[in-house]
Amino acid sequence: MEKIFYYAPTAGRLEDKSMNVHWEHAIPAYKNAPHVWNVGGQDNVCVFLIDTGDGLILIDTGLNAETCYLVIDRIWQSGHDPRDIKKILLTHWHNDHTCNARVLHELTGAEIWLSREDEIEHKKHENMVGSIDLVDGKPVMSWIDADSEEAKLAGKHADYPYEVTNFYDDDKPIVLGNFTIRTKLCPGHTPGVTSFFFEDTDEETGKTYKVALHGGLGVNPMMREDQLKKDGYPVELAHRFVKDCYELAKLPVDIALSSHLNQANILPNIPKDPNDYSVFVADYAWADVLINRADAVKALYPDVYKD
C-alpha cells in the first residue's frame, strides 16, 4: 500500500510574504470524516468544523484576520451556518490558530476553550506579534510589542483580544450532541498544546471511525534548546514531547487530522469530491507522523538520544 500521508515540507504555503495574493492560496471546504470538515480556506492552517447534531464545534480559527472571511465562507460552503457554532476549541495559544477567536465569538457567542498552561502564554503575549527569522542560518522565533516602531514598519498588528471562557480538563470530556471529545495535554510546541480524540459514525455505512488531532507538531525552532531557553521554557518540554509522541503513536486512529496541511501532506490529496472523506481513512498516518516528529526532536539533541 502506498503511504500518501506523511510530514511534508512547508514551502509554497501561505505566509506573511504571500499575503498580498492570499486568494491564490485559497482551497475549498472538504470533509475529513463523516461529520468533520476543514473550513480553513487556505493552504496552511486548518480549521475543523464538527457537526455534533446539536450545534457546531470549531477547532482553531484560521491563519490570520485577513483570511477570516475564507473561514466564514467555507463554513457556509460546507452546508452549515456559522452562527450555530457553540464551542471554539483552541489547540494552543499561537496566533495562527487563535487570531479569529474574538471575531467568531462576537458572531456566535460561542465558548472559547484553551489549556490553563497556554492561557498564561496567551496573556503574556496578548499585545505582541511574532515572526520567524533566519539567524546564522537557523530559524529563530521572536516576539515584539505590537505598538513598537519595529512592528509598525513590518506592517504587523496585534489580533483582536479574546477572553477564554473554559479550560480543558483531561479527566472531563467535552460533550455536545452526538460527540464526546477527550483532550490530552501535549506540551512541546507550546507548554499547553492540547490534542483531541473522538469517534465519528457514518450513518449511511454504519462505520465508526476513531479520529485524532495532535495540537502542535512544529519542531524547529520551537523545541531547539536555544529557542526554549530564549522563551523561558524548560528544555524538558522537548523531551516530554518525544515521550508523548511515542506513547500516543500506539493508539489506534483511523483518521488523523492535521492542524497544518503540510503536517500530513494533505494538499495534494484533497479529494475532487469534497464530501468524499474516504481518502483520509488511513490507519498508518497518525503513528507515522508522530514518530517522524519525535525523531525530528531527537535529532536536535544528539547527546541525549545517542541510539
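User: How many cavities of 30 Å³ or more are there, and what makes a space a cavity and not a pocket?

Analyst: In this predicted model the count comes to three cavities of 30 Å³ or more. A space is called a cavity because a 1.4 Å probe fits there but cannot get out, whereas a pocket is an open set. The largest cavity holds about 160 Å³ of space, and of the 14 residues that line it, the closest to its centre are Asn95, Thr98, His125, Glu126 and Asp159. Its lining divides into eight nonpolar, four polar and two charged residues.

User: Which elements supply at least two residues each to the lining of the second largest cavity, and how does that lining divide by residue type?

Analyst: The second largest cavity has a volume of about 80 Å³, and β14 (255-257) and α8 (285-300) each supply at least two residues of its lining. Helix α8 gives the most, with four residues. Among the lining residues are His214, Leu257, Gln263 and Trp286, and the whole lining divides into eight nonpolar, three polar and no charged.

User: Why is the pair of Trp93 and Trp143 called tilted?

Analyst: The ring centres of Trp93 and Trp143 are 5.0 Å apart and their planes stand at 40 degrees. Centres within 6.5 Å make a pair, and planes under 30 degrees apart would count as stacked and over 60 as edge-to-face, so the rest are tilted; the angle of 40 degrees therefore makes this pair tilted. Trp93 lies in the loop between β5 (85-89) and α2 (95-98) and Trp143 in strand β8 (residues 138-145), so the pair ties together parts that are 50 residues apart in sequence. Both residues are buried.

User: What makes the pair of Phe197 and Trp286 edge-to-face, and how do you know whether each residue is buried or exposed?

Analyst: The rings of Phe197 and Trp286 have centres 5.8 Å apart and planes at 80 degrees, so the pair is edge-to-face, the cut-off for that label being over 60. The pair links strand β12, which holds Phe197, to helix α8, which holds Trp286, 89 residues apart. Buried means under 20% relative accessible area; Phe197, at 17%, therefore counts as buried, and Trp286 is buried because its value is 4%.

User: What places β10 (174-176) and β14 at the edges of their sheet?

Analyst: The open sheet has five strands in the order β10-β11-β12-β13-β14, with mixed pairing, and the edge strands β10 and β14 each pair on one side only. The twist averages 20 degrees from one strand to the next. Within this sheet, β12 (residues 194-201) and β13 (residues 208-213) pair in the antiparallel sense over six bridges, and Phe196 stands opposite Leu213 in β13.

Notes
Residues are numbered from 1 along each chain as its sequence is written. This is a predicted model: local features need pLDDT of at least 70, side-chain atom pairs count only at pLDDT 80 or more; totals for chains, interfaces and linings use all residues. Side-chain values use heavy atoms; hydrogens and water are left out. On a 1 Å grid over the protein atoms alone, a cavity is a set of points where a 1.4 Å probe fits but cannot get out, and a pocket is an open set with protein on both sides within 12 Å along at least five of seven lines; lining residues have an atom within 4 Å of a point. Grid points are joined across faces, edges and corners, and a volume is the space filled by probe spheres set on the points. Ala, Val, Leu, Ile, Met, Phe, Trp, Tyr, Cys and Pro count as nonpolar, Asp, Glu, Lys and Arg as charged, and the others, Gly among them, as polar. Two strands pair if DSSP finds at least two bridges between them. Axes are lines fitted to C-alpha atoms, for helices over the stretch in contact, and angles run from 0 to 180 degrees between N-to-C directions. Rings of Phe, Tyr and Trp (its six-membered ring) pair if their centres lie within 6.5 Å; planes under 30 degrees apart count as stacked, over 60 as edge-to-face and the rest as tilted. Buried means under 20% relative accessible area, exposed over 50%, partly exposed in between (1.4 Å probe, protein chains only).
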